[in-house]
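Have the structure open beside the text as you read.

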Amino acid sequence: MSRTTPATLALDRAGVAYELATYDYDPNADRIGLQAAEALGAAPDEVLKTLMVLVDGKPACVVLASDREVAMKKLAAALGGKSAEMMKPADAERITGYRVGGVSPFGQKRRAPTVLDAPALEKASVYVNGGQRGLQVRLSPADLVRVLEAKAASIST
């Protein structure tokens with residue numbers, strides 16, 4: 001497994017301190033984020049999943065705890081939109097340049113507005129996908145917000 005991805009390169013360029021962690025990715029897991037948390041020995045609310053969505057038909061990126069679900073109306077409101085829906089996997093792969101299960105909020109081919117679920121800011125550090133299945137980066141949630149120019153909002157159920 002390569003430890004250099006567009007995500008890690010973006011973090012390096014931004015001067016962000018992070019640690020890499022690898023685990024055995026299970027493509028058959030019911031909930032990939034929860035499987036990652038278990039494999040890493042981390043709490044589910046410390047392992048964040050990255051989802052690609054459409055808000056009023058425009059791409060956006062959502063980062064939230066692996067044990068939470070997006071409240072689409074709250075998400076749309078956080079981005080000043082009226083409606084939100086999940087992006088089709090093929091579209092997410094084309095827009096981000098990553099394979100589903102390995103989508104990172106960092107280093108995407110086309111940068112999309114990003115929303116971080118606000119409770120993640122309470123953590124000292126969090127894991128997010130490092131741009132490849134089975135690769136996670138551990139960093140400060142404040143750095144995630146800063147580098148991505150993300151908006152923090154309560155968007156989960």
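Let us begin with helix H2, which spans residues 32-40 and has Gly 33, Gln 35, Ala 36, Ala 37 and Leu 40 buried. Buried here means under 20% relative accessible area, exposed means over 50%, and partly exposed lies in between (1.4 Å probe, protein chains only). Helices (H or I, at least four residues) and strands (E, at least two) are DSSP runs numbered from the N terminus. The buried residues of H2 pack against strand S1 (19-22), S6 and S7. After H2 comes Gly 41, with a positive phi near 70°.

A word on the model itself: it is predicted, so to speak of local features pLDDT of at least 70 is needed, and side-chain atom pairs count only at pLDDT 80 or more, while totals for chains, interfaces and linings use all residues. Residues are numbered from 1 along each chain as its sequence is written, and side-chain values use heavy atoms, with hydrogens and water left out.

## The overall fold

Stepping back, the protein has 5 helices and 8 strands. Read from the N terminus, the elements follow the order α-β-α-β-β-α-β-α-β-β-β-α-β. The radius of gyration is 14 Å, close to the 15 Å that the globule rule gives for 157 residues, so the protein is as compact as a globular protein of that length. That radius is taken over C-alpha atoms, and the globule rule is 2.2 Å times the number of residues to the power 0.38. Along the principal axes, the C-alpha atoms fill a box of roughly 40 × 30 × 30 Å.

Of the 157 residues, 49% count as buried. Among contacts (heavy atoms within 4.5 Å) with a separation of 6 or more, 62% are between residues 24 or more positions apart. The accessible surface comes to about 7700 Å², with 48% of it belonging to carbon and sulfur atoms; areas come from the Shrake-Rupley method with a 1.4 Å probe, and for residues only the protein chains shown count as cover.

Which residues touch the most other members of the largest nonpolar core? They are Leu 48, Met 52, Val 63, Phe 106, Val 128, Leu 139 and Leu 144, out of 26 residues in that core. At least two core residues come from each of helix H1 (6-14), strand S2 (48-55), strand S3 (58-65), helix H4 (89-96), strand S6 (126-132), strand S7 (135-139) and helix H5 (141-148). A nonpolar core is a set of buried Ala, Val, Leu, Ile, Met, Phe, Trp, Tyr and Cys residues joined through side-chain atoms within 4.5 Å.

Beyond its neighbours within four places in sequence, Met 52 is in contact with Ala 60, Cys 61, Met 86, Met 87, Ala 92, Thr 96, Val 103, Gln 108 and Ala 112.

## Contacts across the sequence

Ala 14 sits in helix H1 and, at 31% relative accessibility, counts as partly exposed. Its C-alpha atom is 9.5 Å from that of Arg 146, a residue 132 positions away along the chain. Leaving aside neighbours within four places in sequence, Ala 14 is in contact with Arg 146 and Val 147.

Not counting residues up to four places away in sequence, Ser 156 touches Leu 64, Arg 68, Glu 69, Val 70, Ala 71, Lys 74 and Asp 117.

## Residues in the loops

Asp 56, in the loop between S2 and S3, has a positive phi near 50° and is partly exposed at 41% relative accessibility. Glu 149, in the loop between H5 and S8, has a positive phi of about 50° and counts as exposed at 67%.

Arg 99 belongs to the loop between H4 and strand S5 (114-117), and its 54% relative accessibility makes it exposed. Arg 99 touches Glu 93 and Arg 133, not counting residues up to four places away in sequence.
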